[in-house]
Amino acid sequence: MASSATNLSTPFLNNKLSSVSLSSNDKLSAFSLIFRQPRRKPRFMVLSANVDAKPTVLVAEKLGEAGIKLLKEFANVDCSYNLSPEELCTKISLCDALIVRSGTKVNREVFESSDGRLKVVGRAGVGIDNVDLAAATEHGCLVVNAPTANTVAAAEHGIALLAAMARNVAQADASVKAGKWQRNKYVGVSLVGKTLAVMGFGKVGSEVARRAKGLGMHVVAHDPYAPADRARVIGVDLVSFEEVLATADFISLHMPLTPATSKMLNDETFAKMKKGVRIVNVARGGVIDEEALVKALDAGIVAQAALDVFNEEPPPKDSKLVQHEKVTVTPHLGASTVEAQEGVAIEIAEAVVGALKGELAATAVNAPMVPAEVLTELKPYVLLAEKLGRLAVQLVAGGSGVKSVKVSYGSARAPDDLDTRVLRAMITKGLIEPISSVFVNLVNADFTAKQRGLRITEERITLDGSPESPLDFIQVQIANVESKFASAISETGEIKLEGRVKDGIPHLTKVGSFEVDVSLEGSLILCRQVDQPGMIGKVGSVLGEVNVNVSFMSVGRIAPRKQAVMAIGVDEQTKKETLKKIGDIPAIEEFVFLKL
């Protein structure tokens with residue numbers, strides 16, 4: 001058993017009896033009568049959309065028609081381009097989602113102006129430096145991007161600039177169009193045999209490397225997070241930053257703009273470069289100190305530069321860098337191919353629609369980054385986790401509040417083969433939402449828990465058996481609280497619930513020390529009773545008289561004719577009068593209604 005702690009300072013009678021099961025251990029024996037209706041398809045919610053009306057999506061920058069069409073099938077779409085910051089803040093409170101490219105700044109003021117309605121920001125492209133991720137997370141807004149559709153287009157543009165720069169294509173074109181014929185002036189350099197250093201070995205960088213290898217170049221790469229085996233497959237050597245500066249004939253930039261990469265190429269780094277180096281940038285303008293680059297060009301340290309991105313876009317008309325004879329420039333065309341634009345539009349539209357539907361987004365950038373295949377496998381357990389949290393907090397009595405929660409995961413898999421970040425986030429969502437007006441989702445769960453002083457401890461229990469399923473059970477325990485349903489208190493004094501996934505459906509399988517088996521759909525009534533004949537019929541008759549449909553029922557007992565806990569799944573909201581009638585049944589000792 002391995003454990004780790006995460007501190008976050010945030011009508012019945014007509015139903016068909018389909019199965020009877022008996023289980024026992026040294027201390028308890030449980031007799032479960034299970035009443036089933038046809039299963040409904042489980043619903044999985046992370047972000048909630050308005051079910052009474054279509055959500056509204058604001059598209060603030062030009063998006064391909066295929067993406068707009070996809071959005072219109074699900075939402076009301078407002079295409080309003082070239083909005084001022086003030087206009088964006090005015091519109092955003094009426095929108096559930098916002099789609100931008102690189103030209104719109106989605107800052108804290110935008111999230112504050114949304115007044116909690118904005119649930120998704122979609123960045124049509126890879127970089128998200130124009131979106132305030134911290135503010136998005138604090139406001140429970142998911143940020144998704146489109147990281148794959150324009151990969152090839154950006155890589156191709158990088159290669160195009162590399163070749164155009166080496167052979168002075170732009171300068172020679174301008175010269176000929178001006179009526180000149182200057183063959184001697186525009187003698188270029190060959191690419192074959194030269195060393196190209198790819199700075200940032202992600203999707204685009206690795207594609208540039210593949211193409212450069214085809215041109216006969218020797219390719220090295222620098223990226224502190226790139227796996228060496230992936231580089232070796234392409235035939236690329238991973239080297240240090242210092243080695244890049246000292247040996248590269250060409251440098252191609254493909255890193256994101258972060259505090260660590262801002263002005264990475266500056267006076268100091270230019271001074272360490274091999275004299276005559278040539279630089280290509282199709283990443284972000286901010287990774288180069290533009291004034292330092294002009295000085296390096298004038299000094300001959302940098303022979304040429306080819307730039308698709310700038311600190312300020314568009315750059316000033318009198319920019320010394322743009323006007324420099326040794327610089328080739330394009331207006332941020334990296335993703336500007338017909339195919340890439342359509343692909344990005346479709347990719348971001350699918351991500352935004354999926355998020356509004358409540359689906360986990362594999363391209364989320366401010367939520368736990370979990371691979372798509374893991375999300376698919378964990379999906380029913382994610383729903384179980386939220387339901388258990390929601391049930392557990394409703395059992396808490398008194399005003400002391402929930403401060404300490406322990407979550408245990410039973411699994412036959414190795415600890416490093418079970419990613420529980422999403423499960424923890426959804427348990428947190430279940431714990432907080434029923435007792436708070438705050439909307440909690442996968443994005444802001446940890447932040448919200450921290451604000452409320454909620455401490456979650458996670459424990460992984462290694463089980464024998466087949467590791468085909470990621471989890472056998474999830475158990476939630478809340479310590480140092482009183483309970484509205486005393487039978488939910490375990491032998492060690494905590495409120496304890498346990499659940500499992502059966503045929504893709506979340507089930508509650510233990511309450512306190514009582515074993516039950518009830519599908520977690522609709523709402524739930526828990527009753528502690530004296531175990532005696534006729535109790536199921538009596539409770540069922542009370543519910544049937546007021547047309548409350550029972551979807552599932554299970555009875556767990558300590559021993560025959562002793563105490564038992566009845567768990568009843570109901571489809572409709574049960575009135576207080578009906579619950580009182582159940583409580584008035586002589587053998588019923590306590591009961592509680594829990595809304596799922």
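This is a predicted model: local features need pLDDT of at least 70, side-chain atom pairs count only at pLDDT 80 or more; totals for chains, interfaces and linings use all residues.
**View 1. Strand order in the open sheet.**
The sheet is open and built from 7 strands, in the order β11-β10-β9-β12-β13-β14-β15, with parallel pairing. β11 (237–238) and β15 (327–329) are at the edges; each has a single partner strand, so one side of each lacks a neighbour in the sheet. Strands of a sheet pair through backbone hydrogen bonds, either parallel or antiparallel.

**View 2. Strand β13 and its burial.**
The cut-off for buried is under 20% relative accessible area. In a regular strand the side chains alternate between the two faces of the sheet. In β13 both faces are covered: Val 277, Ile 279 and Asn 281 are buried on one side, and Arg 278 and Val 280 are buried on the other.

**View 3. Partners of β13.**
Strand β12 (residues 250–253) pairs with β13 in the parallel sense over 4 bridges. Phe 250 has Arg 278 of β13 as its bridge partner. Strand β14 (residues 302–307) also pairs with β13 in the parallel sense, over 5 bridges. Here Asn 281 is opposite Leu 307 of β14.

**View 4. The β-α-β unit.**
β13 and β14 form a right-handed β-α-β unit together with helix α11, residues 290–298.

**View 5. Helix α7 on the sheet.**
Helix α7 (residues 203–214) lies across β9 (195–199), β10 (218–222) and β12. The helix runs at about 170 degrees to β9.

Terms used
Residues are numbered from 1 along each chain as its sequence is written. Side-chain values use heavy atoms; hydrogens and water are left out. Buried means under 20% relative accessible area, exposed over 50%, partly exposed in between (1.4 Å probe, protein chains only). Helices (H or I, at least four residues) and strands (E, at least two) are DSSP runs, numbered from the N terminus. Two strands pair if DSSP finds at least two bridges between them. A crossover is right-handed if, with the strands pointing away from the viewer, the path from the first strand over the helix to the second runs clockwise. Contact means heavy atoms within 4.5 Å. Axes are lines fitted to C-alpha atoms, for helices over the stretch in contact, and angles run from 0 to 180 degrees between N-to-C directions.
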